[in-house]
Amino acid sequence: QLQLVESGGGLVQPGGSLRLSCVASGLTLDYYALGWFRQAPGKEREGVSCISSNGGSTKYADSVKGRFTISRDNAKNAVYLQMDSLKPEDTALYYCAALYYCSGPISARGQGTQVTVSS
């Protein structure tokens, strides 16, 4: 059974940076696309970014394009999200997910890590 655990969230000032990590256990991530999602209170879930199984293709929501970078390390069974130039509107619970393909159904997801951007 695939389990995903996120880390790296926290409180950061506007303009700051955070790097989220997501490590998997139970199964290899090699054959999954990996995505990061976020959900703020009272708002719908938003797909933030996705990376294909071989890392050759990435996608970003318009709201984070140019500021966030997704990457994966299959040897470590992990996916990362580098977040720069953070804005208060980036505040949300961020969680990673394994998908059959980007924009496809979620096969497994983690519990999430809270990111709060505030001065």
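Me: This is a predicted model. Between which two strands does the loop with S103 lie?
Reply: S103 has a place in a loop of the predicted model.

Me: Is S103 buried or exposed?
Reply: Exposed means over 50% relative accessible area. S103 has 68% relative accessibility. Therefore S103 counts as exposed.

Me: What is the phi of S103?
Reply: Most residues other than glycine have a negative phi. S103 is not a glycine, yet its phi is positive. The value is about 80°.

Me: Now the other loop. Is N77 buried or exposed?
Reply: N77 lies in the loop between strand 7 (68–73) and strand 8 (78–83). N77 also has a positive phi, about 55°, although it is not a glycine. Buried means under 20% relative accessible area. At 14%, N77 is therefore buried.

Me: Which residue in strand 5 stands opposite L34?
Reply: Strand 4 (residues 33–39) and strand 5 (residues 46–51) pair in the antiparallel sense over 5 bridges. They form a hairpin with 6 residues between them, and G42 in the turn has a positive phi of about 80°. Opposite L34 stands I51.

Me: Which residue in strand 6 is the bridge partner of C50?
Reply: Strand 5 also pairs with strand 6 (residues 58–60), in the antiparallel sense, over 3 bridges. Their hairpin has 6 residues between the strands, and G55 there takes a positive phi near 75°. The bridge partner of C50 is K59.

Key
Residues numbered from 1 in each chain as written. Predicted model: local features only at pLDDT ≥ 70, side-chain atom pairs only at ≥ 80, totals over all residues. Heavy atoms only, no water. Helix = DSSP H or I, 4+ residues; strand = E, 2+ residues; numbered from the N terminus. Buried < 20%, exposed > 50% of the residue type's maximum accessible area, 1.4 Å probe, protein only. Pairing = 2+ DSSP bridges.
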